[in-house]
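Morning, everyone. Please have a look at the model on the screen, and then I'll take you through a few side chains.

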Amino acid sequence: MQNLGGIRSWPATWRTTTASMMTTTTTESVRKVAQVLTVAGSDSGAGAGIQADIKVCAARGVYCASVITAVTAQNSRGVQSVHLLPPDFVSEQLKSVLSDFEVDVVKTGMLPSPEIVEVLLQNLSEYPVRALVVDPVMVSTSGHVLAGSSILSIFRERLLPVADIITPNVKEASALLGGVRIQTVAEMRSAAKSLHQMGPRFVLVKGGDLPDSSDSVDVYFDGNEFHELHSPRIATRNTHGTGCTLASCIAAELAKGSPMLSAVKVAKRFVDTALNYSKDIVIGSGMQGPFDHFLSLKDPQSYRQSTFKPDDLFLYAVTDSRMNRKWNRSIVDAVKAAIEGGATIIQLREKEAETREFLEEAKSCVDICRSNGVFLLINDRIDIALACDADGVHVGQSDMPVDLVRSLLGPDKIIGVSCKTQEQAHQAWKDGADYIGSGGVFPTNTKANNRTIGLDGLREVCKASKLPVVAIGGIGISNAESVMRIGEPNLKGVAVVSALFDQECVLSEAKKLHKSLTESKREH
C-alpha cells in the first residue's frame, strides 16, 4: 500500500509556543493555529460524533473543522435512524476544508460506506496531513449498527495501513479480526499485535467493555512494546461518546505537537476526569446519557503553554529555602537566575514557610516560569499547586499516592514521583505519573537518612521504568557527566539543589552545569 503523501511525516517534536495553543510562523504577525478535521457522523443528541469531536477540541484549545458523513436521529435512548450522505457531497466537504485550512490531524469516526472511505483516501492523497487518527466506529454503545460488513475489508486493506493510530474498542477490534474472542487483557494484547500487522503505526485497544474487569484498562502497542493504561471504573450512566472523545483528544494533542504515547495518556485522563465529574448529571431519560466535555475549561490564559516532554527534565532545579536565606536571596530571585542560566524545569520545595507566604511566592514563580516557557512544580503540597495553578507536583513514596493526586489535579497537570526500586518504578507508571525522580544517587546534605542507590541503582530503575527518569541526589558539576553516561535512553536529565542554590551565584553555576550536560549529551 502506497503511503498517503505526508500523513506519516509529521514531526514528533513539533509543538506550540503560546498560551492560546498557537505557533508563530516565519512571519511574526501570522500565527498558525493547531487544527483538527473530524470526518464523522452527526449525533442529534450531541453526546458523540461530530458534536463531541468539536467540543473536545475546543476544550483542549484546538480548532476543529468537520466533514459530516451521515446524519443520525439519536438520543440517550439509542439510535432511531441513520441517513448516509452521498459520497460526492462528502468529497466536496473534504476538498472545501483541506484546500483552505492547514489541517494538522484528521480524525475519523463513522465512515458508513466503502465509497466514503475511498473519497477520504483520495482527498488525503491530494491534501496530506501530519497524522491520521482512525476510530473505527461500527456499532453504537446502544447496539445500533452504524457500518455494514462491507466496510471491514476496505478498513483492513486501505484505511488501517495509512493510519497513525487506530482506537477500536474490544467489539470493534474483534470485528476487524474476523470475530476473534477478546475477553481478557491477554487477548487484548494479542488483538493489538494482530491489528498492528495490518499497517497502523500505533494501536490502542480500549477495554471499557471488557467483562469481569475491576478497572478500565486500555492496551497500547507501538510495534515493539505494550503499555497497559489502567484507571478506576466509574459508575455512571453518562458514557455516551467516550470513544469519540478519546480519539478526538488524541488528535488534538497530536495537533499541538505531543508524541503519540503522551497524547494517548492525556486523552485517557481527560475522559476519566470528565466521566467522574459528570457521573451524576441528568440529560435525557435513557440508559446512556452524555457527559460534560468542558469541566476544566478556564480563562484561555490559564492553558498550559505546551505539553510536557521528557527533555524538559534536562536541568531540573529544586529550590531550597534555607539555602536562599543563607545567601540572602528570595525564592523569586533564585528561580529567575536558575531559568536564565538554563534550568528547564523548576520545583519549589518549601518545608518551613507559612502556607500564606509560600502561596504568594509560588504565584510569583508561576508567573516567571510561564513567561519563560518553563514548567513549575510544587514539592508535596497539592493544596499549593491547586491554589497557584502550578503545572504539577512532585511527591515521594510516603506522600499522597499518585493515583489520588491525579484524581485531584486532573488530566493536564504533570506528576512526578520519587523511586528507588524497580517495583516503585512499575507502580508509578500504573498510577499515572509522568516522570520518575530516582535517587539519591550520591550522598546529600539536603535530606537526612536518605538511602543512596548509586549509579547501578539508577541504571536498574531506568531499565524498569516506562517513564522518563531524572536523576537526583548529590549531583553537581563534578559528577553530572558520569550520571548521564550510564547509557540508559530514558534517563533525561539531572535534578540539582545545592549545586545551584547553595552557591553565591545561581546564574553562573546554572550556566556551567547546563553547558556540561549539553556537551555530555552531544558526545553520546
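Contact here means heavy atoms within 4.5 Å. Keep in mind that this is a predicted model.

Let's start with Asp272. It sits in helix H8, residues 260–277. Which residues does Asp272 touch, leaving aside neighbours within four places in sequence? Ser231 and Ile234. Asp272 is buried, yet it has no salt bridge. The nearest side chain of opposite charge is Lys268, 4.3 Å away.

Next, the cysteines. The limit is 2.5 Å. Cys369 is in no disulfide either. There the nearest cysteine sulfur, that of Cys365, is 6.5 Å away. Cys64 counts as buried, at 12% relative accessibility. Cys369 is buried too, at 0%.

Now the rings. The whole structure has six aromatic pairs. One of them is Phe221 with Phe226, and it is stacked. The centres are 4.3 Å apart, with 25 degrees between the planes. Both Phe221 and Phe226 are buried.

Another pair is Phe308 with Phe375, and this one is tilted: 6.4 Å centre to centre, 55 degrees between the planes. The pair links distant parts of the chain, 67 residues apart. Phe308 is in the loop between H8 and strand S12, while Phe375 is in strand S14. Phe308 is buried at 8% relative accessibility, and Phe375 is buried at 6%. Ring pairs also bring in Tyr316 and Tyr435, making a cluster with Phe308 and Phe375.

Notes
Residues are numbered from 1 along each chain as its sequence is written. This is a predicted model: local features need pLDDT of at least 70, side-chain atom pairs count only at pLDDT 80 or more; totals for chains, interfaces and linings use all residues. Side-chain values use heavy atoms; hydrogens and water are left out. Buried means under 20% relative accessible area, exposed over 50%, partly exposed in between (1.4 Å probe, protein chains only). Helices (H or I, at least four residues) and strands (E, at least two) are DSSP runs, numbered from the N terminus. Lys and Arg count as positive and Asp and Glu as negative; His and the chain ends are not counted. A salt bridge is a side-chain nitrogen of Lys or Arg within 4 Å of a carboxyl oxygen of Asp or Glu. Rings of Phe, Tyr and Trp (its six-membered ring) pair if their centres lie within 6.5 Å; planes under 30 degrees apart count as stacked, over 60 as edge-to-face and the rest as tilted.
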